[in-house]
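Here is a short briefing on one protein model. Please keep the sequence and the 3D view open as you read.

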Amino acid sequence: MKNTRQDQLKAFDRLLTIMDELREQCPWDKKQTMESLRHLTIEETYELGDAILDNDLDEVKKELGDVLLHIVFYAKIGSETNDFDIADVCNSICDKLIARHPHIYGDVKVADEAEVKRNWENLKLKEGKTSVLEGVPKSLPAVVKASRIQEKVAGVGFDWEEPQQVFEKLQEELGELQHEINENNQDKIEAEFGDVLFSMVNYARFLNVNPENALERTNKKFIKRFQYLEGKAKELNKSLKDMTLAEMDVFWNEAKLQ
């Protein structure tokens, strides 16, 4: 049965009440600070990402609850120092969404999603940001960061026109990498390898592929196949390090058919 808005607000109020009680009565919760929660929040976000990639909606629901708990926790800590509370958090994002969507809450007309993105970046500059790249967190993983950088500069028109141009650039970067490999210059090899990865991420965008999701799908696939290989070796009472590559390939190819 679908929850009504009243049911949703009641559930959120219940969470806020529980957070108040835990902060007052639980030794662990009383001790936490924003700094102590930070690494746990990052971990919970990755767990949510795993559930989404696995398309496990029941797990997505649970992980969203964990992330929401952290948001409420930070807001509770903020309220204790009179800096902000959960209402301020909600109103802040509401105000931002309204300001950033003049095509919904104003008289601006847009043709498509791409124009919405361009307007979004231009509005941020008008709000006082000096660079469209200011919103890219420094601590993002490199592949995700590359993707966000490219999305943001594309939002203000700094972009390739056709996917073929990006593919040609990728081929060019591969050639430069091969040249440095032949020259055996380790520092330049690393630099060119980075350029290849950056170009791959850019090409993924033109193919409508999320590079982080694509790589994680491959990670999961590899883990599943390798664990199948380990299981088969165990059935034979063998250690992988004692098996030949040809023997392992038999089970690896079996794993592909699973």
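**Surface patch and overall build**

A nonpolar patch on the surface is formed by Leu68, Ile71 and Val89, which together have about 200 Å² of accessible area. The model is predicted. Its fold has twelve helices and zero strands.

- Ile71 sits in helix H4, which covers residues 57-80.
- Its relative accessible area is 40%. Ile71 therefore counts as partly exposed, because that class lies between the buried limit of 20% and the exposed limit of 50%.

- Helix H2, residues 27-31, holds Asp29.
- Asp29 is buried but has no salt bridge.
- Leaving aside residues up to four places away in sequence, Asp29 touches Met19, Leu22, Arg23 and Phe73.

**Overall shape**
- The protein has a radius of gyration of 24 Å, whereas a compact globule of 258 residues would have one near 18 Å.
- Along the principal axes, the C-alpha atoms fill a box of roughly 65 × 55 × 40 Å.
- Read along the sequence, the pattern is α-α-α-α-α-α-α-α-α-α-α-α.

**Burial, surface and contacts**
- Of the 258 residues, 22% count as buried.
- The accessible surface comes to about 18,600 Å². Carbon and sulfur atoms account for 54% of that surface.
- Among contacts with a separation of 6 or more, 51% join residues 24 or more positions apart.

Notes
Residues numbered from 1 in each chain as written. Predicted model: local features only at pLDDT ≥ 70, side-chain atom pairs only at ≥ 80, totals over all residues. Heavy atoms only, no water. Patch = residues over 30% accessible without salt bridge, like charges linked within 9 Å, V, L, I, M, F, W, Y side chains within 5 Å. Areas by Shrake-Rupley, 256 points an atom, 1.4 Å probe, with all protein chains shown as cover. Salt bridge = Lys/Arg side-chain N within 4 Å of Asp/Glu carboxyl O. Helix = DSSP H or I, 4+ residues; strand = E, 2+ residues; numbered from the N terminus. Buried < 20%, exposed > 50% of the residue type's maximum accessible area, 1.4 Å probe, protein only. Lys, Arg positive; Asp, Glu negative; His and termini not counted. Contact = heavy atoms within 4.5 Å. Rg over C-alpha atoms; globule rule 2.2 N^0.38 Å.
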